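User: I would like to learn how to read a few features of a protein model, taking each one as a general idea and then as a case.
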Amino acid sequence: MRHSQVEFDVDDRFLSNGDDSGSVTYRELTPTLGASYALLPDLNIYASWGKGLETPTLNELSYSGPDNSFGFELKPATSEQIEIGLKARLAQATSLQLALFQIDTDDELVVESANGGRSRFQNAAQTRRRGLELALESRLSDTLRANLAYTEIDATYSKDFTSNGRLIEEGNHLPGIPARTLYGELAWQPLDWFSTAVEGLYRSQLYVEDSNTAKTAPSHALFNWQARFEQKAGALTFNQVLRIDNLLDREYIGSVIVGDGNGRYYEPGPERAWYVGAGVQYQFD
């Protein structure tokens, strides 16, 4: 059982367009319940149920009241989630996790209107998210390790509402959520002081607004590489990291501005990027 209390206080000192001073407090109890059972020594199944709370963010509150005032009347989104799954050891060095889930949300925060760089939000929607998550981890040898993670989700509106003066129908897909995501990593550590890894990430296309009529942000795949060096000197441990993101220098849409009133939904992702870092740790006796 969890109790959440989140409070927003506003002290408005720019009064030429009215006084937005005030406060709003969100309180909620969110219980969870789960159980697991060992069918076999290397196979566990589990089930869980829980409720959740998502308060509006400061950006969502800022212009969501009357005449673009602070949105003290916005309510938090509340959700109910069920999940079933299994955890299995397929071999001595390989493990598998599989989860099926469904999340039903009331008072989902969605865009009411978006103009001139300002977005107003409203509690107007009921949504349902159904999907699965799969994770596979394997130690291929003493020096080689592989990880794989896959997520598939069907996120849709389960109630009609109006946004930007248009009717958004039940069954439309939620914007900004990829239906499929795949992540893989191959890591190699031939020496105690050196390791390296290659990562791959795939994300399917994205809807960018609630009516699902605008051009989607296309799918993309990226590869990253990193290397880590480590040296020990008594109680001190020094480390250095070199990382290259977007190794193949792909052009892709990195994020979207959901429901932008000017149709400027798409934000390009960064080109090939280099990162270098160093750190030191001291181990006390």
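User: Is Y266 buried, partly exposed or exposed?

Analyst: This is a predicted model, in which local features need pLDDT of at least 70 and side-chain atom pairs count only at pLDDT 80 or more, while totals for chains, interfaces and linings use all residues. Residues are numbered from 1 along each chain as its sequence is written, and side-chain values use heavy atoms, with hydrogens and water left out. Buried means under 20% relative accessible area, exposed means over 50%, and partly exposed lies in between, with a 1.4 Å probe and protein chains only. Y266 has a relative accessible area of 31%, so Y266 is partly exposed, whereas Y265, at 13%, is buried.

User: How is a pair of aromatic rings described?

Analyst: A pair of aromatic rings is described by the distance of the centres and the angle of the planes. Rings of Phe, Tyr and Trp (its six-membered ring) pair if their centres lie within 6.5 Å, and planes under 30 degrees apart count as stacked, over 60 as edge-to-face and the rest as tilted. This structure holds 7 aromatic pairs. One of them joins W193 and F194, a tilted pair with 6.1 Å from centre to centre and 55° between the planes. The pair of Y265 and Y266 is edge-to-face, because the ring centres are 5.7 Å apart and the planes stand at 80°.

User: Which residues do ring pairs link into a cluster with W193, and how accessible is W193?

Analyst: Ring pairs link W193, F194 and F229 into a cluster. W193 has 46% relative accessibility and therefore counts as partly exposed, while F194, at 18%, counts as buried.

User: What is the order of the strands in the open sheet?

Analyst: Strands are DSSP runs of E with at least two residues, numbered from the N terminus, and helices are runs of H or I with at least four; two strands pair if DSSP finds at least two bridges between them. Here an open sheet of 11 strands, with antiparallel pairing, has the order β3-β4-β5-β6-β7-β8-β11-β12-β13-β14-β17. Its edge strands are β3 (32–40) and β17 (273–282), each of which pairs on one side only.

User: Over how many bridges do β4 and β5 pair, and which residue of β5 stands opposite A47?

Analyst: Strand β4 (residues 43–54) pairs with strand β5 (residues 77–91) over 12 bridges in the antiparallel sense, and A47 stands opposite I84 in β5.
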